[in-house]
Amino acid sequence: MMRAAAYSALWLLVFAGQAQTQQYTYVAISAGYEHTCGIVMGGTANRRAICFGDDTYGQSTVPSEVASMPISVISAGRRHTAALRVVDGAMVCWGWSTFSGDICSTAVPGSADNRDYAHICATSAFTCAIKSLTSATSA
């Protein structure tokens with residue numbers, strides 16, 4: 001049986017070798033190459049994305065339109081971050097892109113839209129996503 005765990009503090013080793021602590025209640029965390037992101041709970045920050053660390057490519061600056069929405073999954077890659085919105089399972093990304101525009105805007109094979117994802121994984125240069133089982137069977 002799996003249990004959900006909440007973390008009261010996140011320790012982050014930044015590139016300069018300094019340790020920082022941020023006091024939040026976390027329901028998920030993801031460590032990228034030089035940045036870390038999490039989903040925080042409590043008060044007005046219920047299920048919100050928060051990131052710390054290197055921000056050379058904008059990977060640690062959560063866009064305002066993402067910061068105001070509940071997030072179900074977050075994944076920190078090397079130079080970008082990806083998350084899933086609670087409301088519709090849509091993928092949102094920020095940070096570095098070799099493509100022009102939104103790094104989540106490229107077509108996903110076999111997908112009519114950018115919704116109903118169940119899980120994501122950001123890597124060094126791309127993001128993988130798994131469609132939810134209910135959307136895959138109803139399509």
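Arg47 is placed in the loop between β3 and β4, where strands (E, at least two residues) and helices (H or I, at least four) are DSSP runs numbered from the N terminus. Although Arg47 is not a glycine, it has a positive phi of about 60°. With a relative accessible area of 26%, Arg47 is partly exposed, a class that lies between buried (under 20% relative accessible area) and exposed (over 50%), as computed with a 1.4 Å probe on protein chains only. The structure is a predicted model, in which local features need pLDDT of at least 70 and side-chain atom pairs count only at pLDDT 80 or more, while totals for chains, interfaces and linings use all residues. Residues are numbered from 1 along each chain as its sequence is written, and side-chain values use heavy atoms, with hydrogens and water left out.

If a disulfide is taken as a pair of cysteine sulfur atoms within 2.5 Å, the count comes to one disulfide, which joins Cys37 to Cys51 at an S to S distance of 2.1 Å. The link of Cys37 and Cys51 is right-handed, with 110° about the S-S bond. Because Cys37 lies in strand β3 (residues 35-41) and Cys51 in strand β4 (residues 48-53), the pair ties together parts that are 14 residues apart in sequence. Both Cys37 and Cys51 are buried. Cys121, by contrast, is in no disulfide, and the nearest cysteine sulfur, that of Cys128, is 6.3 Å away; Cys121 counts as partly exposed at 40% relative accessibility. Cys128 is likewise in no disulfide, and Cys128 is partly exposed, with a relative accessible area of 40%.

An open sheet of three strands has the order β5-β6-β7 with antiparallel pairing, two strands being paired if DSSP finds at least two bridges between them. The edge strands are β5 (71-76) and β7, each of which pairs on one side only. From one strand to the next the twist averages 20°, where axes are lines fitted to C-alpha atoms (for helices over the stretch in contact) and angles run from 0 to 180 degrees between N-to-C directions. Strands β5 and β6 pair in the antiparallel sense over five bridges, and Thr81 in β6 is the bridge partner of Ala76. Five bridges also join β6 (residues 80-85) to β7, again in antiparallel fashion, with Ala83 standing opposite Val92 in β7. The hairpin of β6 and β7 has five residues between the strands, and in this hairpin Gly89 takes a positive phi near 70°. Four of the five residues of β7 (residues 91-95) are buried, so this strand is largely enclosed by the rest of the structure.

A nonpolar core is defined here as a set of buried Ala, Val, Leu, Ile, Met, Phe, Trp, Tyr and Cys residues joined through side-chain atoms within 4.5 Å. The largest such core has 13 residues, and those with the most contacts inside it are Ala49, Val62, Val66, Ile71, Ile74, Ala83 and Trp94. At least two residues of this core are supplied by each of β3, β4, β5 and β7, and the largest share, three residues, comes from β5. When its neighbours within four places in sequence are left aside, Val62 is in contact (heavy atoms within 4.5 Å) with Ala49, Ile50, Cys51, Ala67 and Trp94. A second, separate core has seven residues, among them Val73, Ala82, Met91 and Cys93.
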